[in-house]
Amino acid sequence: MLLRRVWPSRPAFENPFTDFDQIRREMLRVLDAVAGTDGAREFTSGVFPPMNVTQDDNNFYIRAEVPGIKTADLAVTALRNRVSIAGKREIREENDKHSYHRKERAGGEFNRTVTLPSDVATDKVEARYTDGVLTLTLPKAEEAKPRQIAVSA
Amino acid sequence: MSRNSSADIQKVEKNTAPTLPEQTYPGPVYTPAVDIFESDDRISLLADIPGVKAKDLKIDLRENVLTLSAHVAAPEMPGESNVLCEYAAGTYFRQFNVSEVIDQAKIDAKLTDGVLRLELPKLERAKPRQITVKSS
């Protein structure tokens, strides 16, 4: 496949479109670096909620900005390397005695699934909701952690 | 019309906005989404400012200009590397002209789960008075 030859170092994902996405991201990064706007790029997700995924050696971290939601209305599910966040954001209407000047905040339901690069230990996933930000700590599965290999002479 | 219907929530990008004068913090400045409504005795304001802690929120009203500003520090710990990045933490900033006369001493602000609720009670003399029309 052409993509494999162009991008030989990329790991193979089950979905071929992930490769296109990787290439698109990589090209955007290169273009940003050339234009000297690195870091000032518009962040975008296209769907609610916007989320950031980071990792260190042991965990993945997912942070999502979901202000004004009751924890009872949030549902987080994890299966192998897929994590879903679903919920409902309610905007309570004020009574008739109020007249609105501005209505910019939106309510509704959302449901989002992300696929992580490797499996997580789903029984040890922690979720916290503070100041309108949902933070998930997802420990990597034992077999997905990098291992130090001793080199013998 | 209700916005609580089961329709899917609409994605709204965080809007970056230039501010004058410039901020002392580097980093992006965002315009939070707000609802503002008025009743006979008060103006209420709701603003979505996820990630803001109460101590970092500054609310200021002077010369009829209401200023909201809040700085959000990046929550990532050192040693974390990005896998997917869709938003950035930064400063929320927004100013409003408040034409009504507000009773400064009675302003009440509550911050719960990233939503600020600001109650601005009107001064006694700014409240509407019912005027009865006498027929001669």
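In β4(A), A:R82 is the bridge partner of A:L79. The model is a predicted one, in which local features need pLDDT of at least 70, side-chain atom pairs count only at pLDDT 80 or more, and totals for chains, interfaces and linings use all residues. Residues are numbered from 1 along each chain as its sequence is written, chains are lettered from A and ligands numbered from 1 in the order in which they are written, and side-chain values use heavy atoms, with hydrogens and water left out. Helices (H or I, at least four residues) and strands (E, at least two) are DSSP runs, numbered from the N terminus. Two strands pair if DSSP finds at least two bridges between them.

**Sheet in chain A**

- β3(A) and strand β4 (residues 82–89) of chain A run antiparallel and are joined by six bridges.
- These strands belong to an open sheet of three, in the order β3-β4-β6 (chain A), with antiparallel pairing.
- At the edges are β3 (74–79) and β6 (108–115) of chain A, each of which pairs on one side only.
- On average, neighbouring strands of this sheet are turned by 10° against each other, direction ignored; axes are lines fitted to C-alpha atoms, for helices over the stretch in contact, and angles run from 0 to 180 degrees between N-to-C directions.

**Sheet in chain B**

- Five strands of chain B form an open sheet with mixed pairing, in the order β1-β2-β8-β6-β5.
- β1 (15–16) and β5 (57–62) of chain B each have a single partner strand, so one side of each is left without a neighbour in the sheet.
- Strand β6 (residues 65–71) of chain B runs antiparallel to β8(B), and seven bridges join the two.
- In β8(B), B:R94 stands opposite B:L68.

**Interface of chain B and chain A**

- Contact (heavy atoms within 4.5 Å) involves 47 residues of chain B and 50 residues of chain A.
- The buried area is about 4700 Å², and carbon and sulfur atoms give 50% of that area; buried area is the accessible area (1.4 Å probe) that two parts lose on being put together, summed over both.
- Between the chains there are 22 residue pairs in polar contact, both residues at pLDDT 80 or more. A polar contact is a pair of N or O atoms within 3.5 Å; within protein, one must be able to donate a hydrogen and the other to accept it, and residues adjacent in sequence count only if both atoms are side-chain atoms.
- On the side of chain B that touches chain A, the elements giving two or more residues are β3 (34–38), β4 (42–48), β7 (81–84), β8 (91–97) and β10 (115–121) of chain B.
- β3(B) gives the most to this side, with five residues.
- Strand β1 (residues 51–55) of chain A pairs with β7(B) in the antiparallel sense over three bridges, and B:N82 is the bridge partner of A:T54.

**Salt bridges**

- A salt bridge is a side-chain nitrogen of Lys or Arg within 4 Å of a carboxyl oxygen of Asp or Glu, and the count over all chains comes to 16.
- Eight salt bridges cross the interface of chain B and chain A; one of them joins the side chains of A:R63 and B:E80 (3.3 Å, N to O).
- Within chain B, the side chains of B:K122 and B:E38 form a salt bridge (2.7 Å, N to O).
- That pair links distant parts of the chain, 84 residues apart: B:K122 is in the segment after β10 of chain B and B:E38 is in strand β3 of chain B.
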